[in-house]
Amino acid sequence: MLFDTHAHYDAQQFDPDREATLAGLPERGVSLVVNPGCDIPSSEAAVELAGRFPFLYAAVGFHPENCADYEPAQLEAIQALAKKPKVVAIGEIGLDYYWEENPPREHQQRVFRDQLALADELDLPVIVHDRDAHADSLEAVRQFPRVRGVFHCFSGSAEMARELVKLGWMLSFTGVLTYRNARRAVEAAGAVPIERLMIETDSPYMAPVPHRGVRNDSGYVRYVCEKLAEIKGIPYDECARITLENGKRFFCIA
């Protein structure tokens with residue numbers, strides 16, 4: 001069975017068939033899923049969905065693309081949600097310097113640090129989004145040595161991957177591993193022990209080959225597992241077992 005450690009089932013792309021898609025995942029070999037929020041409404045939706053499906057868990061937080069209106073007082077809402085049953089992390093949080101229309105970098109950094117501090121206070125792991133902000137993301141997490149986390153959809157170098165592992169962090173990979181131009185991701189995945197790796201879809205985005213270009217869902221996480229098994233030179237079943245256990249240990253899911 002497989003653990004999709006990052007999928008956004010609150011996204012509008014699932015509005016036509018959300019219930020059916022989620023209900024059908026166990027038959028497709030998916031035993032666990034974590035649904036991170038990106039702001040207060042989506043975090044609330046993630047918590048509500050987790051309450052309705054036994055294999056679904058939630059994370060809560062402000063995504064860097066969704067933090068323009070953030071004020072520190074809003075952390076109270078995230079803190080309250082984080083104490084709900086089946087909330088296993090603060091996320092999706094981090095930095096995104098790719099889009100010019102994103103909030104200013106200084107504001108993103110302040111929101112990121114505030115949420116890292118909250119995770120430290122609550123003793124919860126964090127799910128980090130890092131796009132074109134590798135140096136600043138590393139600097140931020142180093143400021144909170146007691147916080148453990150995962151860089152999801154990892155896009156950094158093999159050197160950065162090794163540095164994160166030294167800091168005690170995890171890395172997670174999406175269907176990008178299967179893309180023809182994914183040399184950097186493949187090198188990073190190959191550079192660290194499999195015990196520090198997780199797999200994800202980031203649904204509804206970035207469907208893997210051979211489904212690239214369609215709406216992604218957790219049933220396609222098996223293609224990520226297949227590619228990671230190939231990179232690591234181990235059987236698929238072993239890769240599925242190890243990444244499942246890695247995710248359960250990281251998110252403290254029994």
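Helices (H or I, at least four residues) and strands (E, at least two) are taken here as DSSP runs, numbered from the N terminus. The structure is a predicted model, in which local features need pLDDT of at least 70, side-chain atom pairs count only at pLDDT 80 or more, and totals for chains, interfaces and linings use all residues. Residues are numbered from 1 along each chain as its sequence is written, and side-chain values use heavy atoms, with hydrogens and water left out.

The strands form an open sheet of eight, in the order β1-β2-β3-β4-β5-β6-β7-β8, with parallel pairing, where two strands are said to pair if DSSP finds at least two bridges between them. Strands β1 (2-4) and β8 (197-199) stand at the edges with a single partner strand each, so one side of each has no neighbour in the sheet. From one strand to the next, the twist averages 25 degrees. In general, strands of a sheet pair through backbone hydrogen bonds, either parallel or antiparallel.

Strand β7 (residues 170-173) is joined to β8 in the parallel sense over three bridges, and to strand β6 (residues 149-151), also in parallel, by two bridges.

Helix α8 lies across β1, β2 (30-36), β7 and β8, and runs at about 150 degrees to β8; axes are lines fitted to C-alpha atoms, for helices over the stretch in contact, and angles run from 0 to 180 degrees between N-to-C directions. The axes of helix α7 (residues 183-191) and helix α8 (residues 221-232) come within 9 Å and cross at roughly 60 degrees. Contact, defined as heavy atoms within 4.5 Å, is made by V186, A189, G190 and A191 in α7 with K227, L228, I231 and K232 in α8.

Two buried residues may be described individually. Q108 is found in helix α4 (residues 105-122) and has a relative accessible area of 1%, so Q108 counts as buried. Apart from residues up to four places away in sequence, Q108 touches P64, C67, G94, L95, D96, Y97, N102 and P103. L2, which has its place in strand β1, is buried because its relative accessibility is 4%. When neighbours within four places in sequence are left aside, the contacts of L2 include G29, V30, S31 and L32, as well as I199, V221, R222 and C225. Although L2 and R241 are 239 residues apart along the chain, their C-alpha atoms are separated by 7.5 Å.

Technical notes
Buried < 20%, exposed > 50% of the residue type's maximum accessible area, 1.4 Å probe, protein only.
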